[in-house]
Amino acid sequence: MVVPHRIILTGLLVCALLIPAPELAHASKVRPIANSDQIVSKGQIAGVAIGIAAVGAAIGVGVYFAIRHNASITGCAASGLNGLQLVNEGDSQTYSLMGIVASIKPGDRVRVSGKKKKVAGVAHPFLVEKVKRDFGACAGQSATP
């Protein structure tokens, strides 16, 4: 499955923001190791570990839901041999529409969401779960391919 560029860029931005900027060492800020202020407690270590795990889990859940969203295709609907078809503007593929297609009229430009399926004997089947938007009649295109 192809992940949109904006999701990858968002993930990279989040990761970049989580990397702490190194602090330059200045002679006035250097303290001896024996100073009790510099000793890290087990509770602080556990807190940092829990924080890192929580951020990692949040990123993982965000990526999971970003990838698992329903596919969306936009194009002009047309009558075909096996029923309603839609030529996707994104990849120029012709999809055979199945599912909730009663409100789609041949010759209309629509955006539908659903899932790409594998059905024997059907070229590029797409299971429509929702008609997201009806843009009206296609410009300069007939209702049959």
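## Basis of the values

In this predicted model, local features need pLDDT of at least 70 and side-chain atom pairs count only at pLDDT 80 or more, while totals for chains, interfaces and linings use all residues. Residues are numbered from 1 along each chain as its sequence is written, and side-chain values use heavy atoms, with hydrogens and water left out.

Leaving aside residues up to four places away in sequence, Tyr 95 touches Ile 73, Leu 84, Gln 85, Leu 86, Asn 88, Lys 116, His 124 and Phe 126, where contact means heavy atoms within 4.5 Å.

## The salt bridges

There are two salt bridges, each defined as a side-chain nitrogen of Lys or Arg within 4 Å of a carboxyl oxygen of Asp or Glu. In one, the closest N and O atoms of Glu 89 and Arg 109 are 2.6 Å apart; this pair links the loop between S2 and S3, which holds Glu 89, with strand S4, which holds Arg 109, 20 residues apart.

In the other, Lys 115 pairs with Glu 129 at 3.6 Å between the closest N and O atoms, and the pair links strand S4 with strand S5 across 14 residues. Lys 115 is partly exposed at 38% relative accessible area, as is Glu 129 at 32%, given that buried means under 20%, exposed over 50% and partly exposed in between (1.4 Å probe, protein chains only).

Conventions. Helices (H or I, at least four residues) and strands (E, at least two) are DSSP runs, numbered from the N terminus.
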